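Subject: Model for your review

Hello,

Here is the structure I said I would pass on. Please open it alongside this email; my notes follow below.

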Amino acid sequence: MSNETSLDAVDRDILFHLSQDGRLTNVELAKRVGLTPPPCLRRLKRLEENGVITGYRAVVNPEAVGRGLEVMVDVEVSANDLKTIGILEETLSSYEEVVEFRRMFGRPDYFLRVAVADHDAYSAFLTSKLTGLPGILRVESHLTMQKIKTDS
């Protein structure tokens, strides 16, 4: 049994337009998808209630807020007890520099996306917050040469 919501072409069109501009009014959205506003709003509410649309957000320029350097970080752990793993995950999740945090299958054990102002800020984050945490075996940093495609 699947948790997927059945989407028709109009639902997909609504999602497309909202992903391009989440600030569209219902009237403008309805016009773009070929509906009148009341049925468009009903579809939108259904998409929200079914968890297809989980929120709306602003896309922020990282450089404008002092986070122009993004580093992808692979983390391997040496710990295998749940208490140490739980503390490690809680600690890493609490760092404001960590903007994405994933537990992976296989190696590495974790993937972090870290956003900081510059190389000095990343070096400080690495030495003061990341290395030396209980359970961490190895940290490998990857600096981006060029962003080819992003979702935002």
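**The sheet**

Strand 2 and strand 3 form a hairpin with six residues between them, and Gly106 in the turn has a positive phi of about 75 degrees. Helices (H or I, at least four residues) and strands (E, at least two) are DSSP runs, numbered from the N terminus.

Before going on, some notes on the source. This is a predicted model, in which local features need pLDDT of at least 70 and side-chain atom pairs count only at pLDDT 80 or more, while totals for chains, interfaces and linings use all residues. Residues are numbered from 1 along each chain as its sequence is written, and side-chain values use heavy atoms, with hydrogens and water left out.

Two strands pair if DSSP finds at least two bridges between them.

- Strand 2 and strand 3 are antiparallel and share five bridges; Val98 has Val114 in strand 3 as its bridge partner.
- Strand 1 and strand 3 are antiparallel over seven bridges; Leu112 in strand 3 stands opposite Val73.
- Strand 1 (residues 69–77) and strand 4 run antiparallel and are joined by seven bridges; Val71 is partnered by Leu143 in strand 4.

Touching, or contact, means heavy atoms within 4.5 Å. Axes are lines fitted to C-alpha atoms, for helices over the stretch in contact, and angles run from 0 to 180 degrees between N-to-C directions.

Six of the seven residues of strand 3 are buried, so strand 3 is largely enclosed by the rest of the structure. Buried means under 20% relative accessible area, exposed over 50%, and partly exposed in between (1.4 Å probe, protein chains only).

**Glu70**

Glu70 is found in strand 1. With a relative accessible area of 17%, Glu70 is buried. Leaving aside neighbours within four places in sequence, Glu70 is in contact with Arg113, Val114, Ala115, Thr144 and Lys147. Glu70 and Asp118 are 48 residues apart in sequence, and 8.5 Å apart in space, C-alpha to C-alpha.

**Aromatic pairs**

There are three aromatic pairs in the structure. Rings of Phe, Tyr and Trp (its six-membered ring) pair if their centres lie within 6.5 Å; planes under 30 degrees apart count as stacked, over 60 as edge-to-face and the rest as tilted.

Tyr95 and Phe125 are an edge-to-face pair, 5.8 Å centre to centre and with 90 degrees between the planes. Tyr95 is in the loop between helix 4 and strand 2 and Phe125 is in helix 5, so the pair ties together parts that are 30 residues apart in sequence. Both Tyr95 and Phe125 are buried.

The ring centres of Phe101 and Tyr110 are 5.3 Å apart and the planes are at 40 degrees, so this pair is tilted. Phe101 is partly exposed, at 24% relative accessible area, whereas Tyr110 is buried at 3%. Ring pairs also link Tyr95, Tyr122 and Phe125 into a cluster.

**Helix packing**

Helix 2 (residues 26–33) and helix 3 (residues 37–49) pack at about 100 degrees with their axes 9 Å apart. They are therefore roughly perpendicular (angles under 35 degrees count as roughly parallel, over 145 as roughly antiparallel, 65 to 115 as roughly perpendicular and the rest as oblique). Asn26, Val27, Leu29, Ala30 and Val33 in helix 2 meet Pro37, Cys40 and Leu41 in helix 3.

The axes of helix 1 (residues 9–20) and helix 3 come within 11 Å and cross at roughly 80 degrees, which makes helix 1 roughly perpendicular to helix 3.

Regards
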